[in-house]
Amino acid sequence: MNLFLHKISAFCLALIVLLSTLSFTVDSHYCGDILVDSSLFGHVETCGMEKQQSKNDCKSEVQDDSCCSDKQVVVEGQDDLKISFDTLNLEQQVFVASFFHSYINLFDTLDTNIVSFRDYAVPFLIRDIQKLHETYLI
């Protein structure tokens with residue numbers, strides 16, 4: 001069970017690192033205020049109206065060359081994964097070291113099943129003295 005949880009946590013941490021370093025681009029095509037097409041991996045398809053309409057046909061207050069617009073949203077991933085301790089001042093380094101030391105000591109526990117005679121052999125029984133003298137402790 002412990003090995004299974006260890007593998008799941010390692011997989012989740014690897015997935016977090018992968019997703020935090022991933023960067024992607026979302027392309028969107030708007031015709032007026034209406035979203036016509038959106039694409040994550042390729043180019044968006046246009047509605048074909050950007051060349052057909054003139055300035056007077058647009059219903060927006062600000063007159064552009066066409067009613068259609070293309071928007072591109074770029075989500076950049078994290079490039080620097082190495083965190084150095086050079087940027088921490090002395091108080092922060094002492095706090096990190098003491099926190100790490102106290103956190104590790106939380107998991108140092110003694111075994112609940114301590115058997116002190118585990119390494120010693122049982123002596124051979126030559127005679128059962130209690131049965132021989134017929135004295136029993138009650």
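## Ser 39 and its contacts

Setting aside residues up to four places away in sequence, Ser 39 touches Thr 25, Val 26, Asp 27 and Val 44, where contact means heavy atoms within 4.5 Å. Ser 39 sits in strand β2. Its relative accessible area is 13%, so Ser 39 is buried (buried means under 20% relative accessible area, exposed over 50% and partly exposed in between, with a 1.4 Å probe and protein chains only).

A word on the source: this is a predicted model, in which local features need pLDDT of at least 70 and side-chain atom pairs count only at pLDDT 80 or more, while totals for chains, interfaces and linings use all residues. Residues are numbered from 1 along each chain as its sequence is written, and side-chain values use heavy atoms, with hydrogens and water left out.

## Layout of the chain

Helices (H or I, at least four residues) and strands (E, at least two) are DSSP runs, numbered from the N terminus.

The protein chain has 138 residues, and 8% of them count as buried. Among its contacts with a separation of 6 or more, 45% are between residues 24 or more positions apart. The accessible surface comes to about 13,500 Å², with 60% belonging to carbon and sulfur atoms; accessible areas come from the Shrake-Rupley method with a 1.4 Å probe, and for residues only the protein chains shown count as cover.

## How the strands pair

Strand β1 has pairing partners in both β2 and β3. With β2 (residues 34–39), β1 pairs in the antiparallel sense over five bridges; two strands pair if DSSP finds at least two bridges between them. Tyr 30 has Leu 35 as its bridge partner in β2. These two strands form a hairpin with two residues between them, and Gly 32 in the turn has a positive phi of about 75 degrees.

With β3, β1 pairs in the antiparallel sense over eight bridges. Here Cys 31 has Cys 68 as its bridge partner. Also in β1 is Ser 28, which is buried, with a relative accessible area of 11%. Beyond neighbours within four places in sequence, the contacts of Ser 28 are Leu 35, Asp 37, Ser 38, Val 44, Ser 69, Asp 70 and Lys 71.

Phe 11, Leu 15, Leu 18, Leu 19, Leu 22, Phe 24, Leu 40, Phe 41, Val 73 and Val 75 make a nonpolar surface patch of about 1,000 Å². The elements giving two or more residues to this patch are α1 (2–21) and β3 (68–75), and α1 provides the largest share, four residues. Patches are made of residues with over 30% relative accessible area and no salt bridge, with like charges joined within 9 Å and nonpolar side chains (Val, Leu, Ile, Met, Phe, Trp, Tyr) within 5 Å. A salt bridge is a side-chain nitrogen of Lys or Arg within 4 Å of a carboxyl oxygen of Asp or Glu.

One member, Leu 22, lies in the loop between α1 and β1 (24–31). Leu 22 is partly exposed, with a relative accessible area of 46%.

## Confidence in the model

The average pLDDT of the chain is 79, and 81% of the residues score at least 70; pLDDT is the predictor's confidence in each residue, from 0 to 100. Among the elements, α1 has the highest mean pLDDT (91) and helix α3 (residues 129–133) the lowest (80). Over residues 60–64 the pLDDT is below 50, and this stretch has three contacts in the model beyond near neighbours in sequence. Where pLDDT is low, the predicted coordinates should not be read in detail.
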